[in-house]
Amino acid sequence: MKRGFFITFEGGEGAGKSTQIHRLADRLRGAGHEVVVTREPGGSAGAEAVRHVLLSGAAEPFGPMMEAVLFAAARSDHVEQVIRPAVDRGAIVLCDRFLDSSRVYQGATSDVDPQFMVALERVAINGMMPDMTLILDLDPEEGLKRAASRRGDEIADRFEKETIEVHRKRREAYLSIANAEPDRCIVIDASGGVEQVERVIAAAVFAAIAAIDAPQQQAVAAVS
Ligand code: TYD
């Protein structure tokens, strides 16, 4: 059976990831693909149980290392229960945040030992590296404004409430990951209108899917 495709969406607060994921999912389903939409922290029963502990700030007093371990535990459950089975049966998985969020939020903008982060990542993903990562890039001032208006009266979560300098460092960290891994990561300018960003994302994703299908079709043609 043909293997599926694993796409992750990354970026700072208010970059529009979930809106774009749902629009892309509709387009892909319209083209006949099975699509699984999921998110982190969460996405599986075990990981959703950990989500509240992380986003409420309940784990914050125990330090960033404890938070990093909890994100990794949630990710491991999510990978084995949801992501890997879906990709193995041929689905396209769209995941709102994944390993790069840990690299950026726990790694680059807190003081957890980089070697420890590398080891945690390896255990958590267990080989399930995204085929493609779309980094929605936006000025954090604009992103925080968008996030605040979306939130209404609710208070900012544990990670959204950091200073603007921290949000700026996160943006730089995402851009340096994209620079270091150009085969996996695509930076998308998220400052445009929703439809415009949607078209850019769709073009990138449909081209990537056509590229992985093409060699298979050539192989089939060669043996038939
Ligand atoms: P959430 O409200 O789910 O989403 P978003 O901000 O993407 O709209 O919040 C998830 C928060 O958790 C977000 O602030 C980033 C943070 N986070 C980490 O710090 N590390 C991680 O590994 C992940 C997956 C998320």
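This is a predicted model: local features need pLDDT of at least 70, side-chain atom pairs count only at pLDDT 80 or more; totals for chains, interfaces and linings use all residues.
Biologist: What makes the charged end of Arg75 count as sitting over the ring of Phe98?

Modeller: The charged end of Arg75 is 5.4 Å from the centre of the Phe98 ring.

Biologist: How many aromatic pairs does a search of the whole structure find, and why is the pair of Phe6 and Phe98 called edge-to-face?

Modeller: The search finds three aromatic pairs. For Phe6 and Phe98 the centres are 5.0 Å apart and the planes make an angle of 80°. Rings of Phe, Tyr and Trp (its six-membered ring) pair if their centres lie within 6.5 Å, and planes under 30 degrees apart count as stacked, over 60 as edge-to-face and the rest as tilted. The value of 80° is over 60, and therefore the pair is edge-to-face.

Biologist: Which parts of the chain does this pair link?

Modeller: Phe6 belongs to strand S1 (residues 5–11), and Phe98 to the loop between strand S3 (92–96) and H4, 92 residues apart. Helices (H or I, at least four residues) and strands (E, at least two) are DSSP runs, numbered from the N terminus. Both Phe6 and Phe98 are buried.

Biologist: What is the geometry of the pair of Tyr105 and Phe159?

Modeller: That pair is also edge-to-face, at 6.2 Å centre to centre and 80° between the planes. Tyr105 is in helix H4 and Phe159 in the loop between H6 and H7, so the pair ties together parts that are 54 residues apart in sequence. Together with Phe71, Tyr105 and Phe159 form one aromatic cluster.

Biologist: Why is Tyr105 called buried?

Modeller: Buried means under 20% relative accessible area, exposed over 50%, and partly exposed in between (1.4 Å probe, protein chains only). Tyr105 has 8%, so Tyr105 is buried. Phe159, with 6%, is buried too. Gly143, found in helix H6, has a relative accessible area of 0% and is buried.

Biologist: What makes S4 a mostly covered strand?

Modeller: Six of its six residues are buried. Met132, Leu134 and Leu136 point one way from S4, and Thr133, Ile135 and Asp137 the other way.

Biologist: How do you know that S1 and S4 pair?

Modeller: Two strands pair if DSSP finds at least two bridges between them, and S1 and S4 have five, so they pair. The pairing is in the parallel sense, and Gly11 stands opposite Leu136 in S4. S4 also pairs with strand S5 (residues 185–189) over five bridges in the parallel sense, where Thr133 stands opposite Cys185.

Biologist: What volume does the largest cavity have, and what makes a space a cavity?

Modeller: Its volume is about 150 Å³. On a 1 Å grid over the protein atoms alone, a cavity is a set of points where a 1.4 Å probe fits but cannot get out, and a pocket is an open set with protein on both sides within 12 Å along at least five of seven lines; lining residues have an atom within 4 Å of a point. Grid points are joined across faces, edges and corners, and a volume is the space filled by probe spheres set on the points. The lining has 18 residues, with Gly11, Gly12, Glu13, Leu138 and Arg171 nearest the centre. H7 supplies the largest share, five residues.

Biologist: Which residues lie nearest the centre of the largest pocket?

Modeller: They are Glu13, Lys17, Asp96, Arg97 and Arg150, among 41 lining residues. This pocket holds about 970 Å³ of space, and H1 gives the most to the lining, with six residues.

Methods:
Residues are numbered from 1 along each chain as its sequence is written. Side-chain values use heavy atoms; hydrogens and water are left out. A charge sits over a ring if NZ of Lys or CZ of Arg is within 6 Å of the ring centre and within 35 degrees of the ring normal.
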